[in-house]
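Visitor: I would like to learn how to read helix packing and sheet order in a model.
Guide: Take the display below, and we will go through it feature by feature.

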Amino acid sequence: MGERKVTVSAEVGLHARPAATFVQRAKQAPMDISVARPHSGDPVNGKSILAIMGLDVRQGETVVISAEGEGSESILDELAEIAGAP
């Protein structure tokens, strides 16, 4: 299983527009994608905007994005770029 640790840079955190962009890209992937806060709680479905927003990730906090399967490394790179964008 591949994973990326990303520090969220956007002022609004991983909410509203950044979350929507993240989920839109994640939904295009053929594999399951999960997002979690390190050391706290279970991972959530990376293809659910409600689940992503429910994490309440704020600017400067870190998330772990995970995926498994063929092509997961490139998808993880794209999702990490979206999550880390200012």
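**Helix packing and sheet order**

Guide: In this predicted model, the axes of helix 1 (residues 16–27) and helix 3 (residues 72–84) come within 9 Å and cross at roughly 170°.
Visitor: Which values describe two packed helices?
Guide: The angle between their axes and the distance between the axes. Here the crossing is roughly 170°, which means helix 1 is roughly antiparallel to helix 3.
Visitor: Which residues make the contact?
Guide: Helix 1 contributes Pro18, Thr21, Phe22, Arg25 and Ala26, and helix 3 contributes Ile75, Glu78, Leu79, Ile82 and Ala83. By class, seven of the contact residues are nonpolar, one is polar and two are charged.
Visitor: What is the strand order in the sheet?
Guide: The open sheet has four strands in the order 1-4-2-3, with antiparallel pairing. Strand 1 (2–7) and strand 3 are at the edges with a single partner strand each, so one side of each has no neighbour in the sheet. On average, neighbouring strands are turned by 25° against each other, direction ignored.
Visitor: Where does helix 3 pack?
Guide: Helix 3 lies on the sheet and touches strand 1, strand 2 and strand 4; its direction makes about 10° with that of strand 1.
Visitor: What lies between strand 2 and strand 3?
Guide: Two residues, in a hairpin; His39 in the turn has a positive phi of about 65°.

Methods:
Residues numbered from 1 in each chain as written. Predicted model: local features only at pLDDT ≥ 70, side-chain atom pairs only at ≥ 80, totals over all residues. Heavy atoms only, no water. Axes fitted to C-alpha atoms, helices over the stretch in contact; angles between N-to-C directions. Parallel < 35°, antiparallel > 145°, perpendicular 65-115°, else oblique. Contact = heavy atoms within 4.5 Å. Nonpolar A, V, L, I, M, F, W, Y, C, P; charged D, E, K, R; others polar. Pairing = 2+ DSSP bridges.
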